[in-house]
Amino acid sequence: MKRIASIFNGLEKAGTHAEDALLLIILIGMIFLAGTQIFLRNFLETSLYWGDEMLRMMVLWLTIAGGLAASRMDKHISIAVLDRFLPVRTQIVTKVIIDLFTAFICALFAWHSARFVMGSYEFGDLLMRNIPAWTLQIILPIGFALMALRHLILSVTRPLNLSGNIPEGAKAE
């Protein structure tokens, strides 16, 4: 059992490093590309024909990667009105329900974004003149599916206290 847990911990660490590296690479690339576009427009009165469209795609990828990182750390936007008043066990139950609902919504987004990407593939949409659009849009269904999986896993690990996330201000009973 400990061997399986160590394998999953290793996979989680590798995924965490991959997500962080992806965020860093995209952000640095965006800064460099935007700076290049500004320089070219202001000083050479030209620009990269694909630069603006690529920046839009990079914003999409950065947003999905940021959403994955937020769901990894359980730091996504939430409204915790009743948490101060509920007992710890009830807080855990409500968080499990919220995790299941979030997993469902993310799975729904993954399904419909996969349909969108398939439509883009079928119609032969192109970005930046010659790149198939689906190759850059594929992050949508993959990212939402990973978020759905992560929240589904959280809904199981939270009541077993495997995630280490104890509600703020709560003491173990």
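Begin by selecting Ile4, Ile7, Phe8 and Leu11, which together form a nonpolar patch on the surface with about 420 Å² of accessible area. The model on screen is a predicted one, and that should be kept in mind at each stop.

Next, follow helix α1, which runs over residues 2-43, until you reach Leu40. Is Leu40 buried or exposed? With a relative accessibility of 14%, it falls under the 20% cut-off and therefore counts as buried. To see what surrounds this side chain, display Glu45, Thr46, Ser47 and Leu48, which are the residues in contact with Leu40 once its neighbours within four places in sequence are set aside.

Now move to the largest nonpolar core and select its nine residues, namely Ile64, Leu68, Cys106, Ala110, Ile139, Leu140, Phe144, Met147 and Ala148. Colouring by helix shows where they come from: α2 (51-72), α3 (88-123) and α5 (139-157) each contribute at least two residues to this core, and α5 provides the largest share, with five. As a general background to this stop, nonpolar side chains in soluble globular proteins tend to be buried together.

How values were computed: Residues are numbered from 1 along each chain as its sequence is written. This is a predicted model: local features need pLDDT of at least 70, side-chain atom pairs count only at pLDDT 80 or more; totals for chains, interfaces and linings use all residues. Side-chain values use heavy atoms; hydrogens and water are left out. Helices (H or I, at least four residues) and strands (E, at least two) are DSSP runs, numbered from the N terminus. Buried means under 20% relative accessible area, exposed over 50%, partly exposed in between (1.4 Å probe, protein chains only). Contact means heavy atoms within 4.5 Å. Patches are made of residues with over 30% relative accessible area and no salt bridge: like charges are joined within 9 Å, nonpolar side chains (Val, Leu, Ile, Met, Phe, Trp, Tyr) within 5 Å. Accessible areas come from the Shrake-Rupley method with a 1.4 Å probe; for residues, only the protein chains shown count as cover. A salt bridge is a side-chain nitrogen of Lys or Arg within 4 Å of a carboxyl oxygen of Asp or Glu. A nonpolar core is a set of buried Ala, Val, Leu, Ile, Met, Phe, Trp, Tyr and Cys residues joined through side-chain atoms within 4.5 Å.
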